[in-house]
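Visitor: I have a model open and would like to go through it. Can we start with the terms and then move to the particulars?

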Amino acid sequence: MPIYNLKALGNNEFKLAGELMASSVLQGGPAPCFLSEAAFQYILDGIDSVSTEKWIHKVQDAKLKWAIDQVRENIFLFSDKNNICETS
């Protein structure tokens, strides 16, 4: 759950937490224990490491699951259109 705290923001506490996490990751250390493996891989490898196959079954909210499926479907369709353009 996101935390909205203007005092922490003003004191750069969020920035400090990010710097601590980044230094651990950059030095090959363990991910902070509250990050999922997928989030840690995203930090290391970027968007190419993101896949919904591993966690989509955990989503309980029907509207959210539907929205995720729509995004996945549109990404697939968009990539197919790019392939058609490249082969033409």
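Guide: Helices (H or I, at least four residues) and strands (E, at least two) are DSSP runs, numbered from the N terminus. This is a predicted model, where local features need pLDDT of at least 70, side-chain atom pairs count only at pLDDT 80 or more, and totals for chains, interfaces and linings use all residues. Residues are numbered from 1 along each chain as its sequence is written, and side-chain values use heavy atoms, with hydrogens and water left out.

Visitor: How many helices and strands are in the chain?

Guide: The chain has four helices and zero strands, in the order α-α-α-α along the sequence.

Visitor: What span does helix α2 reach?

Guide: Helix α2 covers residues 13–26, 14 residues in total, and reaches 20 Å from its first C-alpha to its last. That is close to the 20 Å expected at 1.5 Å a residue, the expected span being 1.5 Å times one less than the number of residues. Just after α2, G28 has a positive phi of about 75°.

Visitor: Salt bridges next. How many does the structure hold?

Guide: Two, a salt bridge being a side-chain nitrogen of Lys or Arg within 4 Å of a carboxyl oxygen of Asp or Glu. One pairs E19 with K15, with the closest N and O atoms 4.0 Å apart. E19 and K15 both lie in helix α2, four residues apart, about one turn of the helix.

Visitor: And which residue does R72 meet?

Guide: R72 meets D69 in a salt bridge, at 3.7 Å from N to O. R72 and D69 both lie in helix α4 (residues 62–87), three residues apart, again about one turn.

Visitor: Is K15 buried or exposed?

Guide: K15 counts as exposed at 52% relative accessibility, while E19 is partly exposed at 43%. Buried means under 20% relative accessible area, exposed over 50%, and partly exposed in between (1.4 Å probe, protein chains only). R72 is partly exposed at 31%, and D69 is partly exposed at 33%.

Visitor: What share of the chain counts as buried?

Guide: Of its 88 residues, 10% count as buried.
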